[in-house]
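I opened the notebook on ring contacts today.

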Amino acid sequence: MYQSAGFELVSSIARCMEKPLIQHEIKRKAIKLDLAYTYDPNDEVEDLFELIHKAKTQFPSINAVSCGAIKSTYQKKRLEHVCERLNLDILTYLWDRDEKEILQGMINDGVEAILVKIASYGLKKEHVGKSIKEMYEYLKMINEKYGLNICGEGGEYETATLDCPLFKHKIIIEDYEIIQHTDDLVSPVFLFKPLKWKLEKK
């Protein structure tokens, strides 16, 4: 359910948007693996419930949650379950839209997001840390050649946003390292670990 690659930047992303950050430790693991979710107190979905409940308690005017899922019914169903229990609407503006158009639209709108994890055939160590703009044509090519989801919906890659129209500041990476997480011969997993960065006023 959750992305951990690039977590070091989360508090800085909140500062870039000048929005409060509410955090919650993930204590559970995925127990219910069917597409439809039914309540289980030991499932990781309940960590999400506790986090959103905390946010709603702190900010009672909250009435909806934005969901970035495009094709993942697994994720969408779980967020729907949580929102229904908390009497919140779920906003799924990207759901089932053309993924090439979504990615191209993000680039056109000035979203600067870099790959912080790769885990798919066709993606290599040298792609880690590159922006979606730099990677677009290559991602389109391996989507057509190998069937890779161009938006990474299947976990093929994950990104972190350094700048976008919502940001009042942008993140400048000053130092980083690339870590090999697995040495699979077909699709080794590499991670981008930021070591030093700063915020620059826009």
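I counted a charge as sitting over a ring if NZ of Lys or CZ of Arg is within 6 Å of the ring centre and within 35 degrees of the ring normal. The model I used is predicted.

Entry 1, charges over rings. I found lysine 76 over the face of tryptophan 95, at 4.9 Å from the ring centre. I also looked up arginine 78, whose charged end sits over the ring of tyrosine 74, 3.6 Å from its centre.

Entry 2, ring pairs. I took rings as paired if their centres lie within 6.5 Å. The count by this rule was two aromatic pairs. For tyrosine 121 and tyrosine 146 I noted ring centres 4.8 Å apart and planes at 75°, so this pair is edge-to-face. I placed tyrosine 121 in the loop between strand 3 (112-118) and helix 5 (132-146), and tyrosine 146 in helix 5, so the pair ties together parts that are 25 residues apart in sequence. Tyrosine 121 is partly exposed, at 45% relative accessible area. Tyrosine 146 is partly exposed as well, at 39%.

The rings of tyrosine 176 and phenylalanine 192 have centres 4.7 Å apart and planes at 25°, so I logged them as stacked. This pair links distant parts of the chain, with tyrosine 176 in strand 5 (residues 169-182) and phenylalanine 192 in strand 6 (residues 189-201), 16 residues apart. Is phenylalanine 192 buried or exposed? I found phenylalanine 192 buried, at 4% relative accessibility, whereas tyrosine 176 is partly exposed at 44%.

Note on methods: Residues are numbered from 1 along each chain as its sequence is written. This is a predicted model: local features need pLDDT of at least 70, side-chain atom pairs count only at pLDDT 80 or more; totals for chains, interfaces and linings use all residues. Side-chain values use heavy atoms; hydrogens and water are left out. Rings of Phe, Tyr and Trp (its six-membered ring) pair if their centres lie within 6.5 Å; planes under 30 degrees apart count as stacked, over 60 as edge-to-face and the rest as tilted. Helices (H or I, at least four residues) and strands (E, at least two) are DSSP runs, numbered from the N terminus. Buried means under 20% relative accessible area, exposed over 50%, partly exposed in between (1.4 Å probe, protein chains only).
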